[in-house]
Amino acid sequence: MSPAASDKAGAIAVGLTVAGLDPARLVADHGSPLYVYDAGVLRARAAALRAAMPPGVEVAYAAKANSSPAVLTVLQGTGLGADVASGGELRAVLRAGFPAHRVVFTGPGKTDAELEAALDAAVGALTIESLDELEVVMGLAARARSGQGLMLRLATEGEAEGLPIISAAGNVKFGLTDAEAEAAVSRLRAARVLAPEGPFAMRGFHAFGASNVLDASVLVAGAAELARRAQRIAERHEFEIELLDAGGGLGIPYAPDEKPLDLASLGAGLAAELATWADRPVLRRARLLLEPGRWLAGPAGAYVCRVVRTKA
């Protein structure tokens, strides 16, 4: 991690330097190959994203993008929360200083041991991915502290042309259909684990369907669709939503002709969507969570290696 860090939300490589340093010197000091991350770029990107977001939007770094202790420590220092998808990531973010109540555990295929660890740590929200997982969590209710937050992950429905959809209706790999989500709420209610002073609290819903999106309007539309579906379920079961987790998907350019994600447009679009929540009773106190990973960490890192042979 370079002490001579960039102070702008750009990329780590500028001209012939990497994080403001001579790459030959980095290789001489640390060997080849090596990964270099610029703490200044990490901080600047976190600040730029938070500044562009309207009130009511929170940001949690998706640790799956890079769970290096140094990267996590820098981002924890910016005040972001953390999103984890495994027990190892949970341990890593807690060691880096992320408060447990600012951590959401949203990964699919969680083992019983990972669910136990999430409950023992009292994470801010534990996402339920399937009805089977719900039964396991309910069986662990005795380990949960009173009011442990739960979210239900809604499976992506339909298709979006040109986008790398993670799951689609008819082939649900991750999350619950709306009907399954309603069954989950009913199951929790019937077991009385959502009663006042009970072990669990229904915080809201999570949905994530596309990755590396560069079009702000697509991300806004995804958040709006999540709100629409969540509202319908919450109204039917008569509870207010505290949190809607729209996942990550904030993209970075990989090709020369690709344009960076327009943060101003993203912020303006989300502000317009959140303004409608004031007139929707089950959403009026809700907050929106974004989980960027590569958008924060990708442009802050570089792979540096020595050329050992050339061929004409």
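Helices here are DSSP runs of H or I with at least four residues, strands are runs of E with at least two, and both are numbered from the N terminus.

Before going on, a word on the source. This is a predicted model, in which local features need pLDDT of at least 70 and side-chain atom pairs count only at pLDDT 80 or more, while totals for chains, interfaces and linings use all residues. Residues are numbered from 1 along each chain as its sequence is written, and side-chain values use heavy atoms, with hydrogens and water left out.

Back to the pair. Two packed helices are described by the angle between their axes and the distance between the axes. Helix α8 covers residues 216-237 and helix α9 covers residues 263-277; their angle is about 20 degrees and their axes are 8 Å apart. Axes are lines fitted to C-alpha atoms, for helices over the stretch in contact, and angles run from 0 to 180 degrees between N-to-C directions. The two helices are therefore roughly parallel to each other. The cut-offs are under 35 degrees for roughly parallel, over 145 for roughly antiparallel, 65 to 115 for roughly perpendicular, and oblique for the rest.

Which residues of α8 meet α9? They are A216, L219, V220, A223, A224 and A227, and on the α9 side they meet S265, L266, G269, L270, E273 and W277. Contact means heavy atoms within 4.5 Å. Ala, Val, Leu, Ile, Met, Phe, Trp, Tyr, Cys and Pro count as nonpolar, Asp, Glu, Lys and Arg as charged, and the others, Gly among them, as polar.

Helix α8 also packs with helix α7, residues 178-190, at about 35 degrees, with axes 11 Å apart. From α7 the contact uses D178, A181, E182, V185, S186 and R189, and from α8 it uses R229, R232, I233, R236 and H237. These residues divide into 3 nonpolar, 2 polar and 6 charged.

Now the interior. A nonpolar core is a set of buried Ala, Val, Leu, Ile, Met, Phe, Trp, Tyr and Cys residues joined through side-chain atoms within 4.5 Å. Buried means under 20% relative accessible area, exposed over 50%, and partly exposed in between, with a 1.4 Å probe and protein chains only. The largest core has 83 residues, and L126, L152, F205, I241, L244, L266 and L288 touch the most other members. Helix α8 gives the most to this core, with 9 residues. A second, separate core has 9 residues, including I12, A19, V27 and L34.

Is E238 buried or exposed? At 71% relative accessibility, E238 counts as exposed. E238 is in the loop between α8 and β10 (243-245), and its phi is near 60 degrees, a positive value in a residue other than glycine. A122 has a positive phi of about 60 degrees too, and is not a glycine; its loop runs between α5 (112-121) and β7 (125-128).

Last, the backbone at P33. A cis peptide bond joins S32 and P33, with omega about 0 degrees. P33 is in the loop between α1 (23-30) and β3 (34-37).
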